[in-house]
Structure formats: C-alpha cells, structure tokens
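Please read the following explanation with the sequence and the 3D structure side by side.

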Amino acid sequence: MTYALTPAALTAWLDGYKAAWENRDPAAAGALFTADATYHETPFDAPLEGQAGVTAYWAKVTAGQADVSFTYDGIACAGDEGLCHWHAAFKGVPGGEAIDLDGMFRLRFANDAQVDRLQEWWHIRVVPA
C-alpha cells in the first residue's frame, strides 16, 4: 500500500461515480478506474478488466436504464481502501419497470481519482410497470 485514502477523496470519487451513472456516461465511469483495474460486479463472475472493460460494461447496462438516481454513504477509509453503502433507483428501458438496487462497494484506490479494484455486492427489487 502506497496510497492513504481520505474521506474527502472517497466522497469525491463517489460523486464522480454518481454523476457517471445518473448521466449514463460510460466514458466518465471508465475514467474513474486505472488502466489495469479489476471490477468485480458479482463475487462469482470473472471481473471486468481495465478502463476498456468498465466502459464497455457501463455502455451496455446503462442503455437499459432511465431516470437514474444514485445515493451513497461512505462508511470507512482504511489505508488505500474505502467501504460504501449505496442505493440506485431507475426505470427499465423499454418496459418502464421500477428497479431498486441496494449494495456495498469495497474499493481500493491507486490515487485520489482512480480505483484499481472494485468489489460489489448488491440486491435488486423490480416492480412491474
């Protein structure tokens, strides 16, 4: 570990993640990660790899979302890692179902602006239109 994460840096990164998701901006999401980052969307699937993998993933998943709202609570910073509880709500496209996601991030930071490992756990609730 060579980087010491601060609560302010965690908040700034999460604000960037929020903006990327709410604006459905895959390039902005990818820029939050290092070139060699790993993004573990689920604990049992192989991770997405690098900025290109994150950007491609975000282009795919956000295409089916509208009216995204993302909130978070930064829980802890220790060394180069941060822990966050988050919630996202959006409408599915094209069906219009209401989708709620509730999850946790474990983030390892390479610097103030970029994460080199994201692990997430989330649950979903879908309410038909």
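Does Asp80 count as buried or exposed? With a relative accessibility of 13%, Asp80 counts as buried, where buried means under 20% relative accessible area, exposed means over 50%, and partly exposed lies in between, using a 1.4 Å probe and protein chains only. The model is predicted, so local features need pLDDT of at least 70 and side-chain atom pairs count only at pLDDT 80 or more, while totals for chains, interfaces and linings use all residues. Residues are numbered from 1 along each chain as its sequence is written, and side-chain values use heavy atoms, with hydrogens and water left out.

Asp80 sits in the loop between β3 (65-78) and β4 (81-92). Helices (H or I, at least four residues) and strands (E, at least two) are DSSP runs, numbered from the N terminus. Phe109 is 29 residues away from Asp80 along the chain, yet their C-alpha atoms are separated by 5.3 Å.

Next comes the sheet. Its 6 strands form an open sheet in the order β2-β1-β6-β5-β4-β3, and the pairing is mixed. Two strands pair if DSSP finds at least two bridges between them. β2 and β3 are the edge strands, each pairing on one side only. Between β1 and strand β6 (residues 115-127) the pairing is parallel, over 4 bridges.

Helix α3 has 13 residues, which at 1.5 Å a residue should span 18 Å; its end C-alpha atoms are 18 Å apart, in agreement. The expected span is 1.5 Å times one less than the number of residues. Which residues of α3 are buried? They are Gly50, Gly53, Val54, Tyr57, Trp58 and Thr62. Seen down the axis of α3, these buried residues fall within an arc of 135°, so they line one face of the helix; the arc is that of the directions from the helix axis to the C-beta atoms. An α-helix has 3.6 residues a turn, so residues three or four places apart point the same way. Ala52 and Lys60, on the other side of α3, are exposed. The cover over the buried residues of α3 includes α1, α2 (26-31), β1, β2 (48-49) and β3, with contact meaning heavy atoms within 4.5 Å.

Aromatic rings come next. The whole structure holds 18 aromatic pairs. Rings of Phe, Tyr and Trp (its six-membered ring) pair if their centres lie within 6.5 Å; planes under 30 degrees apart count as stacked, over 60 as edge-to-face and the rest as tilted. Tyr17 is buried at 1% relative accessibility, and Phe70 is buried at 0%. The rings of Tyr39 and Tyr57 also form a tilted pair, with centres 5.5 Å apart and planes at 50°. Tyr39 lies in strand β1 (residues 33-40) and Tyr57 in helix α3 (residues 50-62), so the pair ties together parts 18 residues apart in sequence. Both Tyr39 and Tyr57 are buried.

Cys77 is partly exposed at 28% relative accessible area, whereas Cys84 is buried at 0%.
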